[in-house]
Amino acid sequence: MGTKELEVSSLSSTRSSSSPCLSTIKWWSEDTIAVVTGANKGIGFAIVKQLAELGLTVILTSRDVSRGQQAVHSLRAQGLDVLFCQLDISDPASIDIFVSWLKEEFGGLDILVNNAAVSFNRIGENSVEHAETVIKTNFYGPKLLTEALLPLFRRSASISRILNVSSRLGLLNVSDG
Ligand SMILES: NC(=O)c1ccc[n+]([C@@H]2O[C@H](COP(=O)([O-])OP(=O)(O)OC[C@H]3O[C@@H](n4cnc5c(N)ncnc54)[C@H](OP(=O)(O)O)[C@@H]3O)[C@@H](O)[C@H]2O)c1
């Protein structure tokens, strides 16, 4: 298998052999628009980088303008042309502004990566001190953003997708045994 095929496979699903997602045919292009939340660092930043390397149009979003712009500059320095827009997923007003901006600039989107999240506990800790912020950000944030963006999705069976980055701790059926 060549490098290109490996890259394509890494974006594939293993659900069904008849699924267009499983095809090794390149299903995206520079017209494919992907939005990634909480992308100024960590996993979100890595997802933006990889999508940009594959040639999609990627919008890096960050709640903090300067941290987001810094991330964009570092990618541009590597020859990757990503776009930036401020987006705080815990703030409905920020979601409204982002959705209007996206509609105005692109008319729609194809891929949403709900990555942004907060965590105030170390492994093994289970404090509820910041529970309100966690629920507002990690539950209502992606919910409100997804609901606001659904009408803008350019619905395509082979391209449209929403990826929710989560944690094993978010599973209801995890057992310690
Ligand atoms: N790393 C792991 O081991 C691990 C394990 C399980 C699940 N995950 C999941 O993977 C995802 C990314 O994790 P990570 O390790 O890359 O975390 P991270 O390095 O802490 O990055 C989280 C990102 O989310 C942003 N963010 C937080 N609140 C936000 C808000 N209200 N609006 C917009 N952006 C916001 C942060 O922005 P600031 O820089 O401004 O804080 C940051 O860019 C999360 O969904 C997390 O639950 C990670």
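Which of the 23 residues around the ligand come nearest? In this predicted model, the answer is Gly38, Gly42, Ile43, Ala116 and Ala117. Here's a quick tour of that shell, the nonpolar core and a strand pair.

**Around the ligand**
- H2 and H5 each put at least two residues into the shell around the ligand.
- H2 gives the largest share of that shell, with three residues.

**The largest nonpolar core**
- This core has 31 residues, and the ones touching the most other members are Ala34, Val36, Val48, Val58 and Leu60.
- At least two core residues come from each of these elements: strands E1 (33–36), E2 (57–62) and E4 (111–114), plus helices H2 (42–54), H3 (65–76), H4 (92–106) and H5 (131–149).
- H2 supplies the largest share here, five residues.
- Take Ala34: leaving out residues up to four places away in sequence, it touches Leu51, Leu56, Val58, Asp110, Ile111 and Val113.

**E4, H5 and E5**
- E4 pairs with strand E5 (residues 161–164) in the parallel sense, over four bridges.
- Within this pairing, Val113 sits opposite Leu163 of E5.
- To get from E4 to E5 the chain passes through H5, making a right-handed β-α-β crossover.

**H4 and what follows**
- H4 is 15 residues long and spans 21 Å from first C-alpha to last, close to the 21 Å you'd expect at 1.5 Å a residue.
- Just after H4 comes Gly107, which takes a positive phi of about 80°.

How values were computed. Residues numbered from 1 in each chain as written. Predicted model: local features only at pLDDT ≥ 70, side-chain atom pairs only at ≥ 80, totals over all residues. Core = buried A, V, L, I, M, F, W, Y, C linked by C-beta atoms within 7 Å. Buried ≥ 20, exposed ≤ 12 C-beta atoms within 10 Å, placed from the backbone. Contact = placed C-beta atoms within 7 Å. Expected span 1.5 Å × (residues − 1). Pairing = 2+ DSSP bridges. Right-handed = clockwise from strand over helix to strand, strands pointing away. Near = placed C-beta within 6 Å.
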